[in-house]
Amino acid sequence: MKKKRVAAALCAVTLAGAMIAGCGGNDTAGGNDSGDNGNNQESYTVKILAPGDASTEDCEKISEAASKITEEKFNTKIEVTRVGFGSYDQQVNLMLASGEKLDLMYQYCGNVTSAISSGQIVPIDEYLDTVGKDLKEQINESDWKCVTFDGGIYGVPSNKEKATGWGFAMNKEMADATGIDYSNIKTEAELEPLLTKIKEMYPDVYPVVSHTGTMSLMTNQDDLGGDIGSLESAASESTEVINYYASDKYMEEVKLRYDWGQKGLIMPDASTTTESANSLIGSGKGFGRFTNTKPGIEQEIEKESGKDIAVIDLVDPYTTTTRVDIVWYVPHNSEQPERAVQVLNEMYTNPELANILINGIEGTHYQIVDEEKGVVNYPDGVNASNTGYTSLPWAWPNEAISYVWEGNPEDLWDQTQKFNEEATVSPAKGFAWDNTPVQNQVTACANVIAKYGPALECGSLDPETTMPKFLEELKEAGADDIIAEKQRQLDEWLKENK
Amino acid sequence: MKKDIKKAGTGKRIGVHMKRYLPLYLMMLPGLVYLFINNYMPMGGILIAFKKYNYAKGIFGSPFVGLKNFEFLFATKEAWTITRNTLMYNLVFIVLGTVLAIAVAILLNEIRSKMAKKVYQTVILIPFLISIVVVSYLVYGFLSTDAGFINNSILNAMGKEGIGWYSEPKYWPGILIFVNIWKNLGYNCIIYYATVVGLDTSLYESAAIDGANRWQKILHVTLPGLKPTIITLTLMSVGRIFYSDFGLFYQVPMNSGPLIDVTNTIDTYVYRGLMELNNIGMASAAGLYQSLVGFALVLIANLIVRKLDKSNALF
């Protein structure tokens with residue numbers, strides 16, 4: 001009895017499935033005849049998850065506006081959900097574990113290998129060749145390699161700055177008041193006279209502040225996709241994986257910082273403060289900070305701190321796998337990955353759709369300041385803190401086809417393009433590190449690094465006495481195993497990609 | 001035959017029993033349902049600790065990896081540090097916390113003015129209601145190197161050099177114990193106070209007739225009366241001895257690197273290590289390890305209590 005019923009149910013399901021498939025097939029064929037690509041596909045809703053704060057009502061409005069474009073073209077609706085950064089990772093994990101339908105999502109590159117090995121995301125190459133053709137052509141080969149694993153492409157790198165330089169950002173007014181010509185400063189050590197002078201003139205101001213307890217290193221090491229084990233310099237041809245913490249460059253830098261700390265040039269408690277560097281500079285308590293550099297960085301810090309900012313470049317722009325850091329994925333719980341890629345392709349190439357998703361609705365979330373140059377700003381009465389839909393261009397697939405916000409250079413996107421093209425390319429760019437074979441060591445090392453790294457880099461610990469302990473503990477935690485495994489994977493990759 | 005009679009007998013007895021206690025069982029039902037849904041159903045998730053979790057395959061489809069997920073907890077000598085920290089801090093919290101809570105509860109009981117009693121009670125309880133993140137900034141207000149109250153207003157005023165509190169591990173065991181006791185004293189104290197208030201007043205009266213002074217009354221009436229509560233609460237804390245208050249050990253020291261040797265506990269170790277790996281299997285393994293050890297410790301502690309005094313054991 002039971003068996004029969006199951007069989008009947010199966011039959012019914014298969015039949016229904018065949019009917020749906022049949023309908024879809026016919027319609028697509030019809031669509032192709034009329035030359036209207038996929039307009040008559042069965043209707044489908046693509047659910048998109050993006051970071052940043054936005055209210056539910058505003059997301060609904062934006063979904064509606066975006067759906068108008070995609071419905072006409074592909075008979076596909078769009079549903080946008082946004083989650084603030086604080087809870088984004090957690091929310092993604094929940095949605096992926098619960099099996100809730102989700103078609104497109106944004107995630108940091110850092111998790112890409114673990115996302116694949118834990119089955120969170122699916123390969124999309126077959127769809128890129130069909131419905132994602134435009135997108136595939138526009139992204140260059142070395143960027144595609146960064147998201148390719150075992151021959152499958154697992155994501156779409158966002159079109160934003162894909163390289164980074166490093167430098168020192170500072171309060172321009174104070175820097176000018178010292179009378180020191182800072183345009184000739186090329187290295188971190190050369191900053192010292194300027195910082196000393198600042199300390200003399202403004203005894204209540206910390207010459208260097210940290211950013212939420214960390215201070216960036218002025219180095220172009222390639223960390224090969226995260227965890228310990230780096231190429232010492234992205235600009236050199238050497239592909240030897242080393243422990244960067246054991247390098248002379250690292251020692252030199254933390255010695256300099258410790259010296260500065262002793263001289264009072266770095267804020268006290270630099271490695272424990274939870275305040276952001278920009279707010280410390282904004283409140284007048286700090287003079288400058290170490291920062292990544294890219295086109296528009298001055299304006300970005302100016303916007304957050306409210307001070308005039310000058311940036312001294314200390315490390316030339318370079319690019320590595322880690323720098324291709326924003327990737328859009330199709331998660332495993334997408335019902336129709338093909339339709340998701342189709343929409344992603346549109347998001348990447350259609351300025352109208354990109355603008356709706358990035359900036360919201362004209363008049364509500366932004367207004368056009370200069371139509372010709374494509375410059376926008378908040379409408380009257382709206383600002384960064386009360387807008388219902390935060391604009392984060394870099395978090396979306398292609399910021400370069402969206403409007404530029406007032407205060408940035410008008411040709412920001414061209415500058416970004418140039419920045420990417422001119423950056424030094426690491427010999428290991430495209431190599432994607434898979435840490436699953438050494439997870440125990442990675443966990444242990446992460447704890448050792450948390451113990452010494454930030455405090456050394458903020459100049460709070462004496463490198464002479466601390467460094468030997470640090471390296472010893474890293475060794476015990478299995479750093480050498482990680483480095484050896486990384487070297488093995490890298491050599492293999494280099495062999496395949498020569 | 002005999003068996004049948006016995007069965008019928010028990011059946012009848014159960015019937016009588018049920019009739020008498022049915023209302024009580026009914027009252028228990030919602031709680032049981034809650035317990036089942038909330039605490040027992042998710043236990044299936046323990047499986048994850050033994051699997052290489054794959055989102056696409058789900059809990060049951062993911063491949064088994066045996067005890068591999070547990071390895072990272074014992075991989076390095078950090079394992080010893082975190083276990084020592086977790087256990088020692090919790091032991092101190094249990095002993096010191098209990099003694100102080102009882103002392104304060106008795107003191108509260110001795111206060112005559114109703115008004116004063118209410119005020120003290122509220123003041124003691126307030127820290128318990130403050131979020132640990134706020135507490136961590138209160139502590140920072142005291143200990144911050146250049147603007148903190150202690151360095152600025154006390155040490156400097158005495159002509160002494162300020163201390164870099166957040167890079168000196170030696171002070172932190174004391175600071176953490178103080179903060180924890182300060183925060184939780186009020187809550188523990190209320191439970192003990194409620195028991196003290198509920199003690200039979202005739203016992204005190206007869207003690208007074210026998211000529212007992214206040215101290216003797218506390219020693220011979222109050223403390224023995226508190227014994228069952230003390231044992232129950234202590235047994236319950238022993239069950240959580242392998243867990244640590246994440247906020248206390250991560251937020252309050254401001255996640256400061258140099259302090260890690262004295263602030264790293266099992267929970268913070270797992271957090272720091274897995275934050276980037278995002279490995280659900282390893283995280284569940286850590287949780288399972290903690291609860292198994294806690295479970296074993298409760299059983300042992302209860303066994304000891306039962307050996308000493310049967311009527312006070314939990315089960």
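The model is predicted: local features need pLDDT of at least 70, side-chain atom pairs count only at pLDDT 80 or more, and totals for chains, interfaces and linings use all residues. Residues are numbered from 1 along each chain as its sequence is written, chains are lettered from A and ligands numbered from 1 in the order in which they are written, and side-chain values use heavy atoms, with hydrogens and water left out.

Start with chain B. What does its secondary structure come to? Chain B has 14 helices and zero strands. Here helices (H or I, at least four residues) and strands (E, at least two) are DSSP runs, numbered from the N terminus. Read along the sequence, the pattern is α-α-α-α-α-α-α-α-α-α-α-α-α-α. The radius of gyration of chain B is 25 Å, while the globule rule gives 20 Å for 315 residues, so chain B is more spread out than a compact globule. That radius is taken over C-alpha atoms, and the globule rule is 2.2 Å times the number of residues to the power 0.38. Along its principal axes, the C-alpha trace of chain B spans about 90 × 70 × 35 Å.

Now look at what is covered. In chain B, 37% of the 315 residues are buried. Buried means under 20% relative accessible area, exposed means over 50%, and partly exposed lies in between (1.4 Å probe, protein chains only). Chain B exposes about 18,600 Å², and carbon and sulfur atoms supply 69% of that area. Accessible areas come from the Shrake-Rupley method with a 1.4 Å probe; for residues, only the protein chains shown count as cover.

Contacts link parts of the sequence. Contact means heavy atoms within 4.5 Å. Among contacts in chain B between residues at least 6 apart in sequence, 66% join residues at least 24 apart.

Turn to chain A and its sheet. Strands of a sheet pair through backbone hydrogen bonds, either parallel or antiparallel. Two strands count as paired if DSSP finds at least two bridges between them. An open sheet of five strands in chain A has the order β8-β9-β7-β10-β15, with mixed pairing. Its edge strands are β8 (206-208) and β15 of chain A, and each pairs on one side only.

Take β7(A), residues 164-171. Eight of its eight residues are buried. β7(A) pairs with β10(A), residues 309-319, in the antiparallel sense over seven bridges. Six bridges join β7(A) to β9(A), residues 286-293, and these two also run antiparallel. Trp166(A) has Val315(A) as its bridge partner in β10(A). In β9(A), Trp166(A) stands opposite Asn292(A).

Which sense joins β10(A) and β15(A), parallel or antiparallel? They pair in the parallel sense, over two bridges. Thr319(A) has Val425(A) as its bridge partner in β15(A).

Next comes Ser426(A), in the loop between β15 (424-425) and α16 (439-457) of chain A. Ser426(A) counts as buried because its relative accessibility is 4%. Not counting residues up to four places away in sequence, Ser426(A) touches Asp222(A), Leu231(A), Ala234(A), Thr319(A) and Thr320(A).

End at Thr466(A), in helix α17 (residues 463-476) of chain A. Thr466(A) has a relative accessible area of 6%, so it is buried. Leaving aside neighbours within four places in sequence, Thr466(A) is in contact with Tyr452(A), Leu456(A) and Leu461(A).
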